Amino acid sequence: MKKTSNTESLLLFLKDWMLVIGIVTGITSYLVYRQIPALHQYGQLLETAIHVIQPVLLFLMLFISFCRIDPKQLVVRPWQIRNLSVQIVCFLLLSGVVMLGIHGQSDAARWIVRNRLLFETGMLCMICPTATSCAVVAGRLGGDMAQVVMYTIMINLTVAILVPLTVPLLYPDSDVSFMTAFSRILSKVFPLLILPCLAAWTVRAFLPGFHNWVSQHTNTAFYLWSIALTLAVTIGTRAIVNSNCSVLLLLGMALVSLFCCIFQFSAGGRIGRRYGCKVEGSQTLGQKNTVFGIWMGYTFWDPLLSVSGAMYTIWHNVRNTIQLYRHSHSPRISSR
(Lines give C-alpha, C1' and ligand atoms only; values in the text may rest on other atoms or scores of the structure.)
Protein backbone atom coordinates (compact mmCIF):
# COMPACT_ATOMS: atom_id res chain seq x y z
CA MET A 1 0.00 0.00 0.00
CA LYS A 2 2.84 2.33 0.88
CA LYS A 3 4.39 1.74 -2.54
CA THR A 4 1.14 2.65 -4.27
CA SER A 5 0.83 5.76 -2.15
CA ASN A 6 4.37 6.86 -3.08
CA THR A 7 3.62 6.28 -6.75
CA GLU A 8 0.45 8.33 -6.56
CA SER A 9 2.30 11.10 -4.73
CA LEU A 10 4.97 11.14 -7.43
CA LEU A 11 2.37 11.34 -10.22
CA LEU A 12 0.57 14.17 -8.42
CA PHE A 13 3.86 16.01 -7.99
CA LEU A 14 4.67 15.61 -11.69
CA LYS A 15 1.22 16.84 -12.73
CA ASP A 16 1.51 19.90 -10.49
CA TRP A 17 5.08 20.84 -11.41
CA MET A 18 5.59 19.34 -14.86
CA LEU A 19 5.77 22.77 -16.50
CA VAL A 20 8.25 24.09 -13.96
CA ILE A 21 10.36 20.97 -14.46
CA GLY A 22 10.18 21.50 -18.23
CA ILE A 23 11.23 25.16 -17.95
CA VAL A 24 14.12 24.46 -15.57
CA THR A 25 15.28 21.45 -17.61
CA GLY A 26 15.19 23.45 -20.86
CA ILE A 27 17.21 26.35 -19.42
CA THR A 28 19.69 24.08 -17.65
CA SER A 29 20.18 21.85 -20.68
CA TYR A 30 21.37 24.69 -22.89
CA LEU A 31 23.54 26.28 -20.19
CA VAL A 32 25.23 22.94 -19.48
CA TYR A 33 25.78 22.38 -23.21
CA ARG A 34 27.29 25.85 -23.52
CA GLN A 35 29.73 25.26 -20.64
CA ILE A 36 31.04 21.91 -21.94
CA PRO A 37 33.13 22.45 -25.10
CA ALA A 38 33.26 18.71 -25.79
CA LEU A 39 29.53 18.80 -26.56
CA HIS A 40 29.81 21.61 -29.12
CA GLN A 41 30.79 19.20 -31.89
CA TYR A 42 27.32 17.68 -31.55
CA GLY A 43 25.58 21.06 -31.71
CA GLN A 44 24.35 20.75 -35.28
CA LEU A 45 23.15 17.21 -34.68
CA LEU A 46 21.28 18.23 -31.53
CA GLU A 47 19.68 21.19 -33.30
CA THR A 48 18.54 18.97 -36.16
CA ALA A 49 17.13 16.45 -33.70
CA ILE A 50 15.13 19.18 -31.93
CA HIS A 51 13.75 20.49 -35.21
CA VAL A 52 12.62 16.97 -36.11
CA ILE A 53 11.35 15.82 -32.71
CA GLN A 54 9.40 18.94 -31.77
CA PRO A 55 7.06 18.98 -34.81
CA VAL A 56 6.41 15.25 -34.30
CA LEU A 57 5.48 15.86 -30.67
CA LEU A 58 3.18 18.73 -31.60
CA PHE A 59 1.57 16.67 -34.37
CA LEU A 60 0.87 13.75 -32.00
CA MET A 61 -0.37 16.07 -29.29
CA LEU A 62 -2.82 17.81 -31.59
CA PHE A 63 -3.85 14.51 -33.19
CA ILE A 64 -4.80 13.15 -29.75
CA SER A 65 -6.74 16.33 -29.00
CA PHE A 66 -8.60 16.20 -32.32
CA CYS A 67 -9.61 12.60 -31.63
CA ARG A 68 -11.69 13.88 -28.73
CA ILE A 69 -13.48 16.42 -30.88
CA ASP A 70 -16.44 15.82 -33.14
CA PRO A 71 -16.10 17.94 -36.32
CA LYS A 72 -19.64 19.21 -35.71
CA GLN A 73 -18.37 20.96 -32.56
CA LEU A 74 -16.11 23.25 -34.57
CA VAL A 75 -18.30 26.33 -34.96
CA VAL A 76 -17.42 30.02 -34.74
CA ARG A 77 -18.61 31.66 -31.51
CA PRO A 78 -18.94 35.34 -30.49
CA TRP A 79 -16.09 35.27 -27.96
CA GLN A 80 -13.76 33.97 -30.67
CA ILE A 81 -14.57 36.93 -32.91
CA ARG A 82 -13.87 39.32 -30.03
CA ASN A 83 -10.56 37.67 -29.15
CA LEU A 84 -9.54 37.73 -32.80
CA SER A 85 -10.43 41.43 -32.96
CA VAL A 86 -8.19 42.17 -29.96
CA GLN A 87 -5.20 40.51 -31.61
CA ILE A 88 -5.79 42.14 -34.99
CA VAL A 89 -6.46 45.66 -33.68
CA CYS A 90 -3.49 45.68 -31.28
CA PHE A 91 -1.17 44.35 -33.98
CA LEU A 92 -2.33 46.89 -36.56
CA LEU A 93 -2.09 49.79 -34.10
CA LEU A 94 1.49 48.89 -33.18
CA SER A 95 2.32 48.35 -36.86
CA GLY A 96 0.88 51.78 -37.63
CA VAL A 97 3.05 53.39 -34.96
CA VAL A 98 6.19 51.76 -36.39
CA MET A 99 5.28 52.85 -39.93
CA LEU A 100 4.71 56.43 -38.72
CA GLY A 101 8.15 56.34 -37.18
CA ILE A 102 9.74 55.04 -40.37
CA HIS A 103 8.20 57.71 -42.58
CA GLY A 104 8.04 60.57 -40.08
CA GLN A 105 10.56 63.38 -39.48
CA SER A 106 9.49 64.61 -36.06
CA ASP A 107 11.23 63.99 -32.74
CA ALA A 108 8.47 61.53 -31.87
CA ALA A 109 9.12 59.61 -35.08
CA ARG A 110 12.85 59.42 -34.34
CA TRP A 111 12.07 58.19 -30.80
CA ILE A 112 9.88 55.44 -32.27
CA VAL A 113 12.67 54.36 -34.62
CA ARG A 114 15.16 54.24 -31.75
CA ASN A 115 12.77 52.02 -29.78
CA ARG A 116 11.48 50.09 -32.77
CA LEU A 117 12.43 46.70 -31.34
CA LEU A 118 10.23 47.31 -28.31
CA PHE A 119 7.22 48.14 -30.49
CA GLU A 120 7.90 45.12 -32.68
CA THR A 121 8.17 42.98 -29.55
CA GLY A 122 4.61 44.04 -28.77
CA MET A 123 3.56 43.31 -32.35
CA LEU A 124 5.04 39.82 -32.26
CA CYS A 125 3.57 38.98 -28.85
CA MET A 126 0.12 40.21 -29.89
CA ILE A 127 -0.18 38.53 -33.30
CA CYS A 128 1.62 35.29 -32.42
CA PRO A 129 -0.98 32.54 -32.94
CA THR A 130 -2.43 30.33 -30.23
CA ALA A 131 -0.25 27.37 -29.31
CA THR A 132 -1.31 24.00 -30.69
CA SER A 133 -0.92 22.74 -27.12
CA CYS A 134 -3.50 25.23 -25.86
CA ALA A 135 -6.33 22.70 -26.20
CA VAL A 136 -4.45 20.33 -23.90
CA VAL A 137 -4.03 22.93 -21.15
CA ALA A 138 -7.57 24.26 -21.54
CA GLY A 139 -8.92 20.72 -21.30
CA ARG A 140 -7.05 20.15 -18.03
CA LEU A 141 -8.48 23.40 -16.70
CA GLY A 142 -12.02 22.27 -17.51
CA GLY A 143 -12.39 24.18 -20.77
CA ASP A 144 -13.99 23.11 -24.04
CA MET A 145 -11.22 21.77 -26.27
CA ALA A 146 -13.33 22.07 -29.43
CA GLN A 147 -13.76 25.82 -28.97
CA VAL A 148 -10.04 26.23 -28.35
CA VAL A 149 -9.13 24.24 -31.46
CA MET A 150 -11.56 26.30 -33.56
CA TYR A 151 -9.91 29.52 -32.40
CA THR A 152 -6.46 28.07 -33.02
CA ILE A 153 -7.44 27.42 -36.63
CA MET A 154 -8.93 30.92 -36.99
CA ILE A 155 -5.91 32.81 -35.64
CA ASN A 156 -3.38 30.75 -37.61
CA LEU A 157 -5.21 31.48 -40.87
CA THR A 158 -5.45 35.16 -39.88
CA VAL A 159 -1.71 35.34 -39.23
CA ALA A 160 -1.02 33.68 -42.58
CA ILE A 161 -2.77 36.62 -44.28
CA LEU A 162 -2.10 39.59 -41.96
CA VAL A 163 1.65 39.22 -41.40
CA PRO A 164 2.51 38.92 -45.13
CA LEU A 165 0.45 42.06 -45.78
CA THR A 166 2.41 44.14 -43.27
CA VAL A 167 5.96 42.83 -43.84
CA PRO A 168 6.54 44.82 -47.07
CA LEU A 169 5.30 47.97 -45.32
CA LEU A 170 7.48 47.53 -42.25
CA TYR A 171 10.55 46.42 -44.22
CA PRO A 172 10.23 48.08 -47.65
CA ASP A 173 13.87 47.27 -48.51
CA SER A 174 13.36 43.53 -48.06
CA ASP A 175 12.66 41.20 -50.98
CA VAL A 176 9.80 39.43 -49.17
CA SER A 177 6.55 39.69 -51.12
CA PHE A 178 3.08 38.84 -49.87
CA MET A 179 2.98 35.50 -51.68
CA THR A 180 6.45 34.54 -50.46
CA ALA A 181 5.59 35.27 -46.83
CA PHE A 182 2.14 33.70 -47.17
CA SER A 183 3.52 30.46 -48.60
CA ARG A 184 6.23 30.25 -45.93
CA ILE A 185 3.74 30.70 -43.09
CA LEU A 186 1.26 28.30 -44.64
CA SER A 187 4.01 25.69 -44.98
CA LYS A 188 4.49 25.93 -41.21
CA VAL A 189 0.78 25.97 -40.34
CA PHE A 190 -0.44 23.15 -42.58
CA PRO A 191 1.59 20.18 -41.28
CA LEU A 192 1.15 21.11 -37.61
CA LEU A 193 -2.49 22.17 -37.65
CA ILE A 194 -4.41 20.92 -40.66
CA LEU A 195 -2.78 17.49 -41.08
CA PRO A 196 -3.44 16.35 -37.46
CA CYS A 197 -7.05 17.41 -37.93
CA LEU A 198 -7.45 15.42 -41.17
CA ALA A 199 -5.64 12.42 -39.66
CA ALA A 200 -7.87 12.39 -36.57
CA TRP A 201 -11.07 12.62 -38.57
CA THR A 202 -9.88 9.90 -40.96
CA VAL A 203 -9.23 7.61 -38.00
CA ARG A 204 -12.64 8.53 -36.55
CA ALA A 205 -14.34 7.51 -39.79
CA PHE A 206 -12.40 4.38 -40.77
CA LEU A 207 -10.70 3.06 -37.61
CA PRO A 208 -13.23 3.49 -34.80
CA GLY A 209 -11.48 0.96 -32.55
CA PHE A 210 -8.16 2.79 -32.73
CA HIS A 211 -9.98 6.10 -32.37
CA ASN A 212 -11.61 4.94 -29.12
CA TRP A 213 -8.25 3.74 -27.79
CA VAL A 214 -6.62 7.10 -28.51
CA SER A 215 -9.56 8.95 -26.93
CA GLN A 216 -9.06 6.95 -23.72
CA HIS A 217 -5.42 8.04 -23.45
CA THR A 218 -5.77 11.79 -23.84
CA ASN A 219 -3.58 12.46 -20.78
CA THR A 220 -0.66 11.40 -22.96
CA ALA A 221 -0.98 14.73 -24.79
CA PHE A 222 -0.07 16.59 -21.60
CA TYR A 223 3.18 14.68 -21.17
CA LEU A 224 4.04 15.09 -24.85
CA TRP A 225 3.50 18.81 -24.39
CA SER A 226 5.84 18.83 -21.39
CA ILE A 227 8.62 17.38 -23.54
CA ALA A 228 7.86 19.86 -26.34
CA LEU A 229 7.95 22.66 -23.75
CA THR A 230 11.42 21.60 -22.61
CA LEU A 231 12.67 21.76 -26.20
CA ALA A 232 10.99 25.14 -26.75
CA VAL A 233 12.60 26.60 -23.63
CA THR A 234 15.98 25.23 -24.73
CA ILE A 235 15.60 27.04 -28.07
CA GLY A 236 14.44 30.17 -26.29
CA THR A 237 17.37 30.12 -23.87
CA ARG A 238 19.78 29.85 -26.78
CA ALA A 239 18.14 32.85 -28.45
CA ILE A 240 18.51 34.97 -25.30
CA VAL A 241 22.09 33.90 -24.48
CA ASN A 242 23.35 34.34 -28.05
CA SER A 243 21.62 37.65 -28.70
CA ASN A 244 23.68 40.79 -29.18
CA CYS A 245 21.19 42.89 -27.27
CA SER A 246 22.29 45.22 -24.51
CA VAL A 247 21.12 44.48 -20.99
CA LEU A 248 18.83 47.51 -21.12
CA LEU A 249 17.23 46.36 -24.37
CA LEU A 250 16.80 42.82 -23.01
CA LEU A 251 15.09 44.25 -19.94
CA GLY A 252 12.82 46.39 -22.10
CA MET A 253 11.83 43.43 -24.27
CA ALA A 254 11.24 41.32 -21.17
CA LEU A 255 8.91 43.94 -19.69
CA VAL A 256 7.00 44.45 -22.96
CA SER A 257 6.52 40.71 -23.45
CA LEU A 258 5.43 40.35 -19.80
CA PHE A 259 2.90 43.16 -20.19
CA CYS A 260 1.54 41.57 -23.39
CA CYS A 261 1.24 38.22 -21.62
CA ILE A 262 -0.65 39.66 -18.64
CA PHE A 263 -2.86 41.81 -20.87
CA GLN A 264 -3.87 38.97 -23.18
CA PHE A 265 -4.64 36.43 -20.48
CA SER A 266 -6.67 39.08 -18.66
CA ALA A 267 -8.48 40.43 -21.74
CA GLY A 268 -9.28 36.94 -23.01
CA GLY A 269 -10.60 35.96 -19.60
CA ARG A 270 -12.86 39.02 -19.42
CA ILE A 271 -14.23 38.39 -22.90
CA GLY A 272 -14.72 34.68 -22.29
CA ARG A 273 -16.45 35.24 -18.93
CA ARG A 274 -19.26 37.12 -20.67
CA TYR A 275 -20.04 33.99 -22.68
CA GLY A 276 -19.36 31.41 -19.95
CA CYS A 277 -16.00 30.54 -21.54
CA LYS A 278 -13.42 32.17 -19.27
CA VAL A 279 -10.87 29.36 -19.56
CA GLU A 280 -11.17 29.15 -23.34
CA GLY A 281 -11.02 32.93 -23.81
CA SER A 282 -8.05 33.42 -21.51
CA GLN A 283 -5.95 30.52 -22.79
CA THR A 284 -6.48 31.14 -26.51
CA LEU A 285 -5.48 34.78 -26.24
CA GLY A 286 -2.61 34.31 -23.79
CA GLN A 287 -1.00 30.96 -24.60
CA LYS A 288 1.15 31.39 -27.70
CA ASN A 289 2.95 29.21 -30.20
CA THR A 290 6.22 30.89 -29.26
CA VAL A 291 8.36 28.58 -31.39
CA PHE A 292 6.38 29.81 -34.39
CA GLY A 293 6.73 33.38 -33.08
CA ILE A 294 10.51 33.01 -32.81
CA TRP A 295 10.58 31.71 -36.39
CA MET A 296 8.45 34.66 -37.61
CA GLY A 297 10.74 37.11 -35.82
CA TYR A 298 13.99 36.05 -37.46
CA THR A 299 12.38 35.17 -40.82
CA PHE A 300 10.33 38.30 -41.56
CA TRP A 301 11.33 41.00 -39.05
CA ASP A 302 14.47 41.64 -37.01
CA PRO A 303 16.30 38.45 -35.92
CA LEU A 304 16.65 39.95 -32.43
CA LEU A 305 12.88 39.60 -32.04
CA SER A 306 13.41 35.89 -31.52
CA VAL A 307 14.42 36.92 -27.99
CA SER A 308 10.92 38.31 -27.44
CA GLY A 309 9.35 34.97 -28.28
CA ALA A 310 11.80 33.23 -25.95
CA MET A 311 10.85 35.53 -23.09
CA TYR A 312 7.13 35.07 -23.72
CA THR A 313 7.72 31.32 -23.51
CA ILE A 314 8.76 31.75 -19.88
CA TRP A 315 5.94 34.14 -18.95
CA HIS A 316 3.00 32.18 -20.35
CA ASN A 317 4.26 28.85 -19.03
CA VAL A 318 4.74 30.28 -15.53
CA ARG A 319 1.14 31.46 -15.73
CA ASN A 320 -0.03 28.06 -16.95
CA THR A 321 1.80 26.35 -14.10
CA ILE A 322 0.05 28.56 -11.54
CA GLN A 323 -3.35 27.97 -13.15
CA LEU A 324 -2.92 24.20 -13.33
CA TYR A 325 -1.74 24.04 -9.72
CA ARG A 326 -4.69 26.10 -8.50
CA HIS A 327 -7.13 24.04 -10.52
CA SER A 328 -5.81 20.69 -9.35
CA HIS A 329 -5.87 21.78 -5.70
CA SER A 330 -9.24 23.55 -5.85
CA PRO A 331 -11.50 20.95 -7.54
CA ARG A 332 -14.66 22.42 -6.10
CA ILE A 333 -14.00 25.86 -7.53
CA SER A 334 -15.40 26.20 -11.01
CA SER A 335 -12.87 27.14 -13.66
CA ARG A 336 -15.54 29.16 -15.36
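Author: The place to begin is Gly 252, which lies in helix H11, spanning residues 247-274. The model is a predicted one. Gly 252 has a relative accessible area of 16%, and because buried means under 20%, Gly 252 counts as buried. In sequence, Gly 252 and Leu 117 are separated by 135 residues, yet their C-alpha atoms are 9.3 Å apart in space.

Helix H11 also packs against another helix. Two packed helices are described by the angle between their axes and by the distance between those axes. For H3 (residues 78-103) and H11, the angle is about 150° and the axes are 9 Å apart. Angles over 145 degrees count as roughly antiparallel, so H3 is roughly antiparallel to H11. Their crossing is right-handed. On the H3 side, the contact is made by Trp 79, Arg 82, Asn 83, Val 86, Gln 87 and Cys 90. H11 contributes Phe 263, Gln 264, Gly 268, Ile 271 and Arg 274. By type, the residues of this contact between H3 and H11 are five nonpolar, four polar and two charged.

Leaving aside residues up to four places away in sequence, Phe 300 touches Val 163, Val 167, Tyr 171, Val 176, Ala 181, Arg 184, Ile 185 and Trp 295.

Terms used. Residues are numbered from 1 along each chain as its sequence is written. This is a predicted model: local features need pLDDT of at least 70, side-chain atom pairs count only at pLDDT 80 or more; totals for chains, interfaces and linings use all residues. Side-chain values use heavy atoms; hydrogens and water are left out. Contact means heavy atoms within 4.5 Å. Helices (H or I, at least four residues) and strands (E, at least two) are DSSP runs, numbered from the N terminus. Buried means under 20% relative accessible area, exposed over 50%, partly exposed in between (1.4 Å probe, protein chains only). Axes are lines fitted to C-alpha atoms, for helices over the stretch in contact, and angles run from 0 to 180 degrees between N-to-C directions. Angles under 35 degrees count as roughly parallel, over 145 as roughly antiparallel, 65 to 115 as roughly perpendicular and the rest as oblique. A crossing is left-handed if the near helix is turned anticlockwise from the far one by less than a right angle, and right-handed if clockwise. Ala, Val, Leu, Ile, Met, Phe, Trp, Tyr, Cys and Pro count as nonpolar, Asp, Glu, Lys and Arg as charged, and the others, Gly among them, as polar.
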